[in-house]
Amino acid sequence: MFSVYEILRDNWLLLLVGQYPSGPLGGIAATLILSVLGIVLAFPLSVLLALARLSPWRLLRWPATVLVYVVRGVPLLMVILWVYFLVPILIGRDVSGFTTMLCTLVIYEGAYLSEVVRAGIQSLPKGQGEAARALGHSHLGTMWFVILPQALYNMLPSMLSQFISTIKETTLGYVINVQELTFAANQINNQLLTKPFQVFFILALTYYVVCFSLTQLAQWLERRIAHKRLGAAPVKPVDDGAAPAPSTPVISPVPPAPRVATLP
């Protein structure tokens, strides 16, 4: 345990920001920036894919369905390699590992988030869409003004959970030299050579603390949304000490019949 403390004391800055400012930004700072940018840029793509999959027009629904199934059906590492070799061909110049990983996360998380958005839309009562169409809204107007605002609010916990998954998925960036947290831990391990268990224990503990904190935030957000959905609990009447009213009326006893005198 003391060696873990020594590694943290000597290399905390490398784990935090990488080689910055003498080199590129790395460590946990690069991991969080990459995750935030990936989920933010993937969100508009996910909404478009979800709307396309729910569209009544086949020319939109079929290509979106194929894209979502293909991306969700292959490992993330395969998508990273596709983007790593395909993007330089498309734009005609080399790109950094950070840009490659960001493009990969946008595509990958866009496909996964689109299913979250689609499920959120389909979970709403159908009567709301029918009422909007009866008021004169088009299909797109109904989705944009009536359905999406409610669905996106209900999907906030799921989207935060997907962000947590994105943080863990950035660990594969080290294969294309993205200087995130795992890359920084690997650098420390290459320097020490004799303490791999301690180094990767620190790495696992760091990921656990970050992801557990965000998981607690997601659970709190889910409880808050559920509370707003259900509304405030009914207020119980205050007991003022008075005797409770009888549930059944009290029947007075029947008086005995008078005695009749008999003749001798």
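**Pockets and a buried glutamine**

Tutor: Let's begin with a lining: the second largest pocket is lined by Leu 67, Val 70, Val 71, Val 79, Trp 82, Val 83, Leu 86, Val 87, Leu 90, Cys 103 and Ile 107. This is a predicted model, where local features need pLDDT of at least 70, side-chain atom pairs count only at pLDDT 80 or more, and totals for chains, interfaces and linings use all residues. Residues are numbered from 1 along each chain as its sequence is written, and side-chain values use heavy atoms, with hydrogens and water left out.

Student: What makes a residue part of a pocket's lining?

Tutor: A lining residue has an atom within 4 Å of a pocket point; the pocket is an open set on a 1 Å grid over the protein atoms alone, with protein on both sides within 12 Å along at least five of seven lines.

Student: How many nonpolar, polar and charged residues does the second largest pocket's lining have?

Tutor: It's 11 nonpolar, no polar and no charged. Ala, Val, Leu, Ile, Met, Phe, Trp, Tyr, Cys and Pro count as nonpolar, Asp, Glu, Lys and Arg as charged, and the others, Gly among them, as polar. The largest pocket's lining has six nonpolar, four polar and three charged residues.

Student: Why does Gln 162 count as buried?

Tutor: Its relative accessibility is 12%, and buried means under 20% relative accessible area (exposed is over 50%, partly exposed in between; 1.4 Å probe, protein chains only). So Gln 162 counts as buried.

Student: Which residues does Gln 162 touch?

Tutor: Leaving out residues up to four places away in sequence, Gln 162 touches Ile 39, Glu 109, Tyr 112 and Leu 113, where contact means heavy atoms within 4.5 Å.

How values were computed:
1 Å grid on protein atoms, 1.4 Å probe; cavity = no way out; pocket = protein on both sides within 12 Å on 5 of 7 lines; lining within 4 Å.
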